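Trainee: I have a model open and would like to go through its fold with you. Could we begin with the contacts?

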Amino acid sequence: MARDLAPAAPARPLRRDAELNRQRIIAAARDVFGERGLEATLDDVAHHAGVGVGTVYRRFPSKEHLVEAMFVDQFETIREFAEEALRTEDPWEGFAGFTWRAAELHAGDRGLREVMLSNVFGQERVAEAKARMVPLITQLVERAQSAGVLRADIVPTDMPLLHQMIGSVIEFTHGIQPDLWRRCLAMLLDGLRAEPGRATPLPHPPLDVEALEEVMCSFRLPKLR
């Protein structure tokens, strides 16, 4: 009977340790995926976090679960950008400002860029976060078109493809001229105006021939089997 009456070991410190490990893993994943993209493995994350890979798998059964935990908050940030843009009095400034702010996030986080612009990674919560943005993007597009400042033939499904274009520039120039995407986005936005008029001053100088050659050499071709 004495054995049955012995007090159980307290569980709270274990839960606290588990939560600290979870936070450490997510912070490490932000660093690793932000720099290397989603091709990085859970082993890479565990090494960066200073924990065993078994600890990572206990908290996140797959890479997709970890991606979901990492990026849902950032999707919410982008949604907030869209809501703020809709409150901007000038429809063009709202549309263009949102596009710039979203591109800024993509430029600083390769993992976010890959999650945002594909459906390969992420579970239900990521899909829900994306779905919540669709009506906001639609409103931004239609509002600018109603004001006569955005091309009438643009549709909301064009927007992810436009961000894919900028994402490709970011991908291949970040190690050479990491802000070159700003030049490309300024040209792209000018092309989206209903009446282009005076060109926007480009915020970044062009590549010279040597830098262009370096960028071209950075393209990774698929491995031949």
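Mentor: Residues 24 or more positions apart account for 69% of the protein's contacts with a separation of 6 or more, where contact means heavy atoms within 4.5 Å. This is a predicted model, in which local features need pLDDT of at least 70 and side-chain atom pairs count only at pLDDT 80 or more, while totals for chains, interfaces and linings use all residues. Residues are numbered from 1 along each chain as its sequence is written, and side-chain values use heavy atoms, with hydrogens and water left out.

Trainee: How many helices and strands does the protein have?

Mentor: There are eleven helices and zero strands; helices (H or I, at least four residues) and strands (E, at least two) are DSSP runs, numbered from the N terminus.

Trainee: What percentage of the residues count as buried?

Mentor: Of 225 residues, 39% are buried, meaning under 20% relative accessible area with a 1.4 Å probe, protein chains only.

Trainee: Which residues of α9 are buried?

Mentor: Among them are Met159, Leu162, His163, Ile166 and Ile170. Their cover includes α6 (91-108), α8 (124-146) and α10 (180-192).

Trainee: What span should α9 have?

Mentor: Helix α9 (residues 158-173) has 16 residues, so at 1.5 Å a residue it should span 22 Å, the expected span being 1.5 Å times one less than the number of residues. Its end C-alpha atoms are 23 Å apart, which agrees.

Trainee: Where does UniProt place the "DNA-binding region"?

Mentor: The unreviewed UniProt entry places that feature at residues 41-60; such annotations may be inferred rather than shown by experiment. In the model, this span is 75% helix and 0% strand, with its end C-alpha atoms 12 Å apart.

Conventions. Buried means under 20% relative accessible area, exposed over 50%, partly exposed in between (1.4 Å probe, protein chains only).
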